[in-house]
Amino acid sequence: MPGSTVINGWDFSGWVNLITAMLGLAIPVAQVVAFIRQHLAPEDADAVLREALAGWQAMRAENEARIAELEALVR
Amino acid sequence: MTRVLVGVVLFVMAGCGPKTKPVLVKFDAACLSAVQTIAQVELNLSNFNKITPAQALKIRHALRPVIDLGEQATEALLVWQPGQATPTSVIALAARLTDLLETVAQLLPPGEAQAKLVSAIAFAQSAWAMVMMTINAGDVPTPEMVGGATCQAAL
């Protein structure tokens, strides 16, 4: 990436820009740090994905039910 | 602000390195969280008659393609292995998230609810920014790199 500083595989300037943007959105510092460290910490990605898939499927069911409810109101 | 920024960067850099699947997974989770937040805010606004049923329906219709892609992206990531091309559904999800932001910003009046929804989506977009940084560092190939070739991470 032009103009970026890469140290040991890290796009350092990219990280700085991202953190700056998140702080600019008034996201609390503790949340920014926790969020970024979570991305870099080892974890069972597949377990998280299985949980996320269940979440998406539940969200689909809820959204479709809500759409049906609202369409009845709007008619 | 500068001192805070430096502090955050130093704290995060300690003992860390770029990861591949975790950043994609976290992006997926952040998108789901954004969608859940939007759905809950819609319900709250509707219950207090802050938005009309027609406005609520527009929001819910806008969520539909994001949910479809979220499910597809998650299924793709479950079988994804480092070195493979980034699933196109993941990239499409990032694009849809931007569309969702525009829709929500237009539908809701300025205020706490709009700010909450915009923040939730912005958070997910930040997670996508991290995915792009990981791609740029050479860990995750873009669909254009399909063919098995992956970039070597800069040393």
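Which handedness does the crossing of H2(B) and H3(B) have? In this predicted model, local features require pLDDT of at least 70 and side-chain atom pairs count only at pLDDT 80 or more, whereas totals for chains, interfaces and linings use all residues. Residues are numbered from 1 along each chain as its sequence is written, chains are lettered from A and ligands numbered from 1 in the order in which they are written, and side-chain values use heavy atoms, with hydrogens and water left out.

The crossing of H2(B) and H3(B) is left-handed, a term applied when the near helix is turned anticlockwise from the far one by less than a right angle. Helix H3 of chain B spans residues 53-79, and its axis lies 10 Å from that of H2(B) at an angle of about 160°, so H2(B) is roughly antiparallel to H3(B) (angles over 145 degrees count as roughly antiparallel, and those under 35 degrees as roughly parallel). Axes are lines fitted to C-alpha atoms, for helices over the stretch in contact, with angles running from 0 to 180 degrees between N-to-C directions; helices are DSSP runs (H or I, at least four residues) numbered from the N terminus. The contact (heavy atoms within 4.5 Å) includes Leu24(B), Val35(B) and Ile38(B) of H2(B) and Ile59(B), Leu63(B) and Val66(B) of H3(B). By class, this contact of H2(B) with H3(B) has 13 nonpolar, three polar and four charged residues, where Ala, Val, Leu, Ile, Met, Phe, Trp, Tyr, Cys and Pro count as nonpolar, Asp, Glu, Lys and Arg as charged, and the others, Gly among them, as polar.

Between the chains, the axes of H3(A) and H2(B) come within 10 Å and cross at roughly 25°, so that H3(A) is roughly parallel to H2(B). This crossing is also described as left-handed, and the residues that meet include Trp56(A) and Met59(A) in H3(A) and Cys31(B) and Leu32(B) in H2(B).

The largest pocket is lined by 22 residues, of which Gln31(A), Ala30(B), Ser33(B), Ala34(B) and Phe123(B) lie nearest its centre. A pocket is an open set of points on a 1 Å grid over the protein atoms alone, where a 1.4 Å probe fits, with protein on both sides within 12 Å along at least five of seven lines, and lining residues have an atom within 4 Å of a point. H2(B) (21-47) and H5(B) (112-136), together with H2(A) (29-40) and H3(A) (45-74), each supply at least two lining residues, and the largest share, seven residues, comes from H2(B). The lining comprises 13 nonpolar, six polar and three charged residues.

Conventions. Parallel < 35°, antiparallel > 145°, perpendicular 65-115°, else oblique.
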